[in-house]
Amino acid sequence: MPQPAEVDQNEENTARYLNLLRKHREFDRISVGKLHRAGVPILVGTDFGNPGTFVGYSLHVEMQLLEEAGLDPMTVLQGATSKAAEFLGAQRGYAVGSRADFVILDKSPLENLAHTKSISAVMLQGQLLDRRQLLPWQR
């Protein structure tokens, strides 16, 4: 069982660590905003594998953080879609026979980036998956 002095030390260390995280987040927000205003293209793509980064969820968080840094919703969405594809050299646009994976939303993310979470359905490899199929535990 930890002694009171050890508990105090752990709480102190935790408070210092959380304060450091807050400072880093603010620094990142300011830096990304400056880069964007300087014309540096900003792409969306979480660093999966880092502690606290979760596939899917973290992408939504990242987009909202980019908006907080001063990017407008259209620029953020382009950084997650067309600009990211362009950077990777992927085919853009659509044509008969081309791959068409996309998300169908209930609300416009141009009004509020949080609306990217209002997923109604997903078209994946030619198959339409509705919300019930995407979240089987909610059936």
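Start with the sheet: three strands make an open sheet in the order β1-β2-β3, with antiparallel pairing. Strands here are DSSP runs of E with at least two residues, helices are runs of H or I with at least four, and both are numbered from the N terminus. Two strands count as paired if DSSP finds at least two bridges between them. β1 (102-105) and β3 are the edge strands, each with a single partner, so one side of each has no neighbour in the sheet. From one strand to the next the twist averages 20 degrees; axes are lines fitted to C-alpha atoms (for helices, over the stretch in contact), and angles run from 0 to 180 degrees between N-to-C directions.

Before you go on, keep in mind that this is a predicted model, where local features need pLDDT of at least 70 and side-chain atom pairs count only at pLDDT 80 or more, while totals for chains, interfaces and linings use all residues. Residues are numbered from 1 along each chain as its sequence is written, and side-chain values use heavy atoms, with hydrogens and water left out.

**Along the strands**

Select β1 and β2 together. They pair in the antiparallel sense over four bridges, and Phe102 sits opposite Met123 in β2.

**The turn and the loop**

Which residue in the turn of the β2-β3 hairpin has a positive phi? Zoom in on Gln125: the hairpin has two residues between its strands, and Gln125 has a phi of about 50 degrees. That is a positive value in a residue other than glycine. Gln125 lies in the loop between β2 (119-124) and β3 (127-130). It counts as exposed because its relative accessibility is 67%; the cut-offs are under 20% relative accessible area for buried and over 50% for exposed, with partly exposed in between (1.4 Å probe, protein chains only).

Next, go to the loop between β1 and β2 and select His115. Is His115 buried or exposed? With 17% relative accessibility, His115 is buried. Show its surroundings and, leaving aside neighbours within four places in sequence, you'll find His115 in contact with Leu105, Lys107, Ser108 and Pro109. Contact means heavy atoms within 4.5 Å.

**Salt bridges**

How many salt bridges does the structure hold? There are three, each being a side-chain nitrogen of Lys or Arg within 4 Å of a carboxyl oxygen of Asp or Glu. Side chains of opposite charge can pair when their charged atoms come close.

Asp130 is partly exposed, at 24% relative accessible area, while Arg132 is exposed at 57%.

Now move to helix α1 (residues 4-37) and select Glu12 and Arg16, which lie four residues apart, about one turn of the helix. An α-helix has 3.6 residues a turn, so residues three or four places apart point the same way. The side chains of Glu12 and Arg16 form a salt bridge at 3.3 Å, N to O. Glu12 is partly exposed at 45%, and so is Arg16 at 49%.

Stay in α1 for Arg29 and Glu26, three residues apart and thus separated by about one helical turn. In their salt bridge the closest N and O atoms are 2.5 Å apart. Arg29 is partly exposed, with a relative accessible area of 32%, and Glu26 is partly exposed with 36%.

**Helix α2**

Select residues 57-68. This is α2, with twelve residues, reaching 17 Å from its first C-alpha to its last, close to the 16 Å expected at 1.5 Å a residue (that is, 1.5 Å times one less than the number of residues). Colour Ser58, His60, Glu62, Met63 and Leu66: these are buried. α2 is followed by Gly70, whose phi is positive, near 115 degrees.

**Zoom out**

Finally, show the whole chain. It has five helices and three strands, running α-α-α-α-β-β-β-α from the N terminus. Of its 139 residues, 19% count as buried.
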